[in-house]
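User: I would like to learn how to read the features of a structural model one by one. Could you take me through them, giving the idea first and then the case at hand?

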Amino acid sequence: MSEQKFNRVQVMFNAEHRPYLYGAIHIVDGDLANHWCERPFVISRTTAGGREIVYGTVARTIENVRSQLDRLQAFRSEAQRRLDAAGIEPIEGTVSQLPPCDITDRIFDEQDALVEEVLPIVSVNVRVLSEIFPRKMKRAKVKVYDYDNTCVDNIEQVS
């Protein structure tokens, strides 16, 4: 009598805990008695409006980048509104500069904190996209500027 051997990896889904869809990996190694399930993980979430967000997809990664860029744009608009309300205009020169004062100091502090939050999130997501689409991102270059707004270098993706 021979024992039937199995080598399977299965993904099991559980949609009973809305709004989340969970998955778990079920592994059968050899004999059916030798099987186990890994811990469940979240695959997606359905929003109150009925939209399904699937974690780890290209679309979700691009949304994550876009949302951070939107945060920067919202900050820029709000900072401009505050400057306009205070009657502060940039000092024109080779590079426009804001005059030192309490409002501009606070804006610069807030900007530094925001960039410190946003930059790692964008970097990680762009890195993920560059690994998914290596040929598309290979052509991308990031310009590096000095304090005089002169381009001093280009950073290219290393293969």
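User: Which residues make up the largest nonpolar core?

Analyst: A nonpolar core is read as a set of buried residues joined through side-chain atoms within 4.5 Å. In this predicted model, the largest such core has nine residues in all, namely Val65, Phe75, Ala79, Leu83, Ile88, Ile107, Leu114, Val118 and Val122. The elements that give two or more residues to this core are helix H1, spanning 58–85, and helix H2, spanning 102–132.

User: How many salt bridges does the structure hold, and which parts of the chain does the pair of Glu117 and Arg71 link?

Analyst: Side chains of opposite charge can pair when their charged atoms come close. The structure holds seven salt bridges. In one of them the side chains of Glu117 and Arg71 meet at 2.7 Å, N to O, and this pair links distant parts of the chain, with Glu117 in helix H2 and Arg71 in helix H1, 46 residues apart. Glu117 counts as partly exposed because its relative accessibility is 42%, and Arg71, with a relative accessible area of 31%, is partly exposed as well. Arg82 and Glu110 also form a salt bridge, at 2.6 Å from N to O, and here Arg82 in helix H1 is joined to Glu110 in helix H2, 28 residues apart.

User: In which sense do E1 and strand E2 pair, and is the aromatic pair stacked or tilted?

Analyst: In a regular strand the side chains alternate between the two faces of the sheet. E1 and strand E2, the latter covering residues 20–30, pair in the antiparallel sense over nine bridges, and they form a hairpin with five residues between them. Val9 has Ile27 in E2 as its bridge partner. The structure holds one aromatic pair: the rings of Tyr20 and Tyr22 have centres 6.3 Å apart and planes at 50°, so the pair is tilted. Asn14, which lies in strand E1, is in contact with Tyr20, Leu21 and Tyr22, leaving aside its neighbours within four places in sequence.

Note on methods. Residues are numbered from 1 along each chain as its sequence is written. This is a predicted model: local features need pLDDT of at least 70, side-chain atom pairs count only at pLDDT 80 or more; totals for chains, interfaces and linings use all residues. Side-chain values use heavy atoms; hydrogens and water are left out. Helices (H or I, at least four residues) and strands (E, at least two) are DSSP runs, numbered from the N terminus. Contact means heavy atoms within 4.5 Å. Rings of Phe, Tyr and Trp (its six-membered ring) pair if their centres lie within 6.5 Å; planes under 30 degrees apart count as stacked, over 60 as edge-to-face and the rest as tilted. Two strands pair if DSSP finds at least two bridges between them. Buried means under 20% relative accessible area, exposed over 50%, partly exposed in between (1.4 Å probe, protein chains only). A salt bridge is a side-chain nitrogen of Lys or Arg within 4 Å of a carboxyl oxygen of Asp or Glu.
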